[in-house]
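Colleague: I have a model open and want to learn to read it. Where do we start?

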Amino acid sequence: MILQLALDRMSIPEAVRLAGETEEFTDWIEVGTSIIKEFGMAGVRELKRTFPDKPVVADTKTMDNARYEFEKAFEAGADAATVMGVAPPVTIETCMDVARRHGKTVMIDLLNVSEDQVRELLKYDEAVFCVHVSKDEQEEGVRPVWKKCAAVSSEKPVKWAAAGGITLSSLEKVRKSFHPSVVIVGTAITKAENPKEAARQLKQAIEKGE
């Protein structure tokens with residue numbers, strides 16, 4: 001199971017510092033949507049320059065203008081970029097096409113996607129499928145339902161990811177719900193009193209459960 005560090009709502013220097021502090025215990029680095037919206041692809045470029053051996057995910061959350069956004073992400077050094085599962089089919093197909101040409105990865109964000117839509121999306125079996133509890137759902141007290149895709153997760157051997165408010169205490173519940181290959185953690189690490197120790201504990205818990 002891969003631990004992906006999500007960096008959001010911070011400056012680029014802060015993101016570089018946190019990625020460096022936790023580097024020993026994280027596998028992938030995510031340049032969050034808020035950083036991309038505020039600073040463009042500069043954050044992706046700087047994180048990849050500083051950590052060339054770490055896969056970097058650009059959380060573009062693409063809904064439209066797919067070719068332009070994915071080309072820019074990959075030109076900046078991203079190893080993967082995200083597209084929303086509710087985007088028009090042509091948008092998702094375009095993201096897949098750009099990623100294939102660059103030898104990169106697409107992560108499909110399943111926020112607000114129905115089970116039927118998930119089943120349709122599974123034809124892109126080289127993608128990573130991210131079950132995502134949104135920031136708004138977390139902040140407004142909507143209860144995370146990690147079993148959202150459990151009904152379809154065993155139907156086809158694809159790579160699943162889980163994101164949204166994951167903590168050390170909730171990790172086991174997430175794991176048992178649908179056995180994701182990638183666990184995406186932001187606040188539980190970045191806002192911890194000791195981010196390195198928080199990342200270490202999460203990585204240790206992941207390794208114990210494998």
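Modeller: Start with contact, which means heavy atoms within 4.5 Å. Keep in mind that this is a predicted model.

Colleague: Which elements do the buried residues of α3 pack against?

Modeller: They pack against β1 (2–7), α1 (12–22), β2 (28–31), α2 (33–39), β3 (56–62) and α4 (66–75).

Colleague: Which residues of helix α3 are buried?

Modeller: Buried means under 20% relative accessible area. In helix α3 (residues 42–50) these are G43, V44, L47 and K48. Seen down the axis of α3, they fall within an arc of 125°, so they line one face of the helix.

Colleague: Now the rings. How many aromatic pairs are there?

Modeller: Ring planes over 60 degrees apart count as edge-to-face. The count here is two pairs. In one, the rings of F70 and F74 have centres 5.6 Å apart and planes at 85°, so the pair is edge-to-face. Both residues lie in helix α4, four residues apart, about one turn of the helix. F70 is buried at 0% relative accessibility, and F74 is buried at 7%.

Colleague: What about the rings of F129 and W160?

Modeller: Their centres are 5.8 Å apart and their planes at 45°, so this pair is tilted. F129 lies in strand β6 (residues 128–132) and W160 in strand β7 (residues 159–163), so the pair ties together parts that are 31 residues apart in sequence. F129 counts as buried at 0% relative accessibility, and W160 at 2%.

Colleague: Where does pLDDT stay under 50?

Modeller: pLDDT is the predictor's confidence in each residue. The chain averages 90, and 89% of the residues score at least 70. Over residues 142–146 the score stays under 50.

Methods
Residues numbered from 1 in each chain as written. Predicted model: local features only at pLDDT ≥ 70, side-chain atom pairs only at ≥ 80, totals over all residues. Heavy atoms only, no water. Buried < 20%, exposed > 50% of the residue type's maximum accessible area, 1.4 Å probe, protein only. Helix = DSSP H or I, 4+ residues; strand = E, 2+ residues; numbered from the N terminus. Arc of directions from axis to C-beta. pLDDT = per-residue confidence, 0-100. Phe/Tyr/Trp six-rings, centres within 6.5 Å; stacked < 30°, edge-to-face > 60°.
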